[in-house]
Amino acid sequence: MVMKYLDPKADLTFKKIFGNHPKRLISLLNALLPLSEEEQIHEIEYLPTELVPQLEGGKNTIVDVLCKDARGRKFCVEMQMEWSDAFQQRVLFNASKLYVSQAKKGGKYSELQPVYSLNLVNDIFAHDTPDFIHNYRIVHDKDSSKVIKGLHFTFIELPKFTPHSIADKRMMVLWLRFLTEINSNTKEIPSDLLNDPEIGKAVEELEISGFTDAELRAYDKFWDSVSVERTLLDDRYQKGMEKGRAEGIEEGREEGMNLRSLEIARKMLANGMDEASIMDMTELTAEEIKLLKAEM
């Protein structure tokens, strides 16, 4: 009997694989983040993935996986199918919120622990370089050895990854192969993936037989939404650029992006996605979502 698998990059599968398995998440983080031997993670505690603002009226956001280690460092993991400037700003917003949330009345600023943001992107956004791993810190503009510690960002462009490019980092290669090589067309899993204890268990959780009918419907809806978003991104961006050439690039681009957000939100509502996630992904307000629902 040929085993069938689901793609680990989908929202449902990604959270199932990494959302409740500490050893597995530790393995992923240690493999993909730029941590020295002394900085390696050994123990974690999962945290709620909804980030609630400290001030009334602030913006709630939801992340895929969030945890902290024994030192108090926080690690935020996001799996993103499409790149956008809005996503980049959301990453900065979430990491900053996590850093600030540590500050307690009467506490010392010196006690604040670093926040690491790991973002796996199934899209290419840095077209001017073959590099697929992008690590960011706050550094001096003339001397990069001078660093303000606290916020660390890692973005990985999955479509650019090839195993031979980082052959010296075995676990990084294995986890990235797990994320990029397995999908609904996979018939056989390479033995080197199965031989690693945590990756082998993660592969088992991708077997289609382990999912309920409701979960499989949610999985299909996710890919429908991705397809819709990708089509709308291409279509609206093209229209915005065409209008931009005639009436001004920035004005045309902004209008195209606004129309795209509305169309994406409409499709997401039709697919049963919750309003909080839709607002987070499209940057639309609650009032705009309410008006869209009234039109449907």
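Guide: This is a predicted model. Start with helix 3 and its buried residues: F87, R90, V91, N94, A95, K97 and L98. They cover an arc of only 160° around the axis, so they sit on the same side of helix 3. The spacing fits a general rule. An α-helix has 3.6 residues a turn, so residues three or four places apart point the same way. Now turn to the other side of helix 3. There, D85 and Q89 are exposed.

Helix 3 runs over residues 85-100, which is 16 residues. At 1.5 Å a residue, helix 3 should span 22 Å. Its end C-alpha atoms are 23 Å apart, which agrees.

Nine of its eleven residues are buried, so helix 2 is largely enclosed by the rest of the structure. Those buried residues are R24, L25, I26, S27, L28, L29, N30, A31 and L32.

The largest pocket has a volume of about 700 Å³. Its lining counts 30 residues, and the closest to the pocket centre are D11, K15, F222, M273 and M281. Helix 7 gives the most, with seven residues. By class, the lining of the largest pocket has 14 nonpolar, five polar and eleven charged residues.

Definitions and conventions
Residues are numbered from 1 along each chain as its sequence is written. This is a predicted model: local features need pLDDT of at least 70, side-chain atom pairs count only at pLDDT 80 or more; totals for chains, interfaces and linings use all residues. Side-chain values use heavy atoms; hydrogens and water are left out. Helices (H or I, at least four residues) and strands (E, at least two) are DSSP runs, numbered from the N terminus. The expected span of a helix is 1.5 Å times one less than its number of residues. Buried means under 20% relative accessible area, exposed over 50%, partly exposed in between (1.4 Å probe, protein chains only). The arc is that of the directions from the helix axis to the C-beta atoms. On a 1 Å grid over the protein atoms alone, a cavity is a set of points where a 1.4 Å probe fits but cannot get out, and a pocket is an open set with protein on both sides within 12 Å along at least five of seven lines; lining residues have an atom within 4 Å of a point. Grid points are joined across faces, edges and corners, and a volume is the space filled by probe spheres set on the points. Ala, Val, Leu, Ile, Met, Phe, Trp, Tyr, Cys and Pro count as nonpolar, Asp, Glu, Lys and Arg as charged, and the others, Gly among them, as polar.
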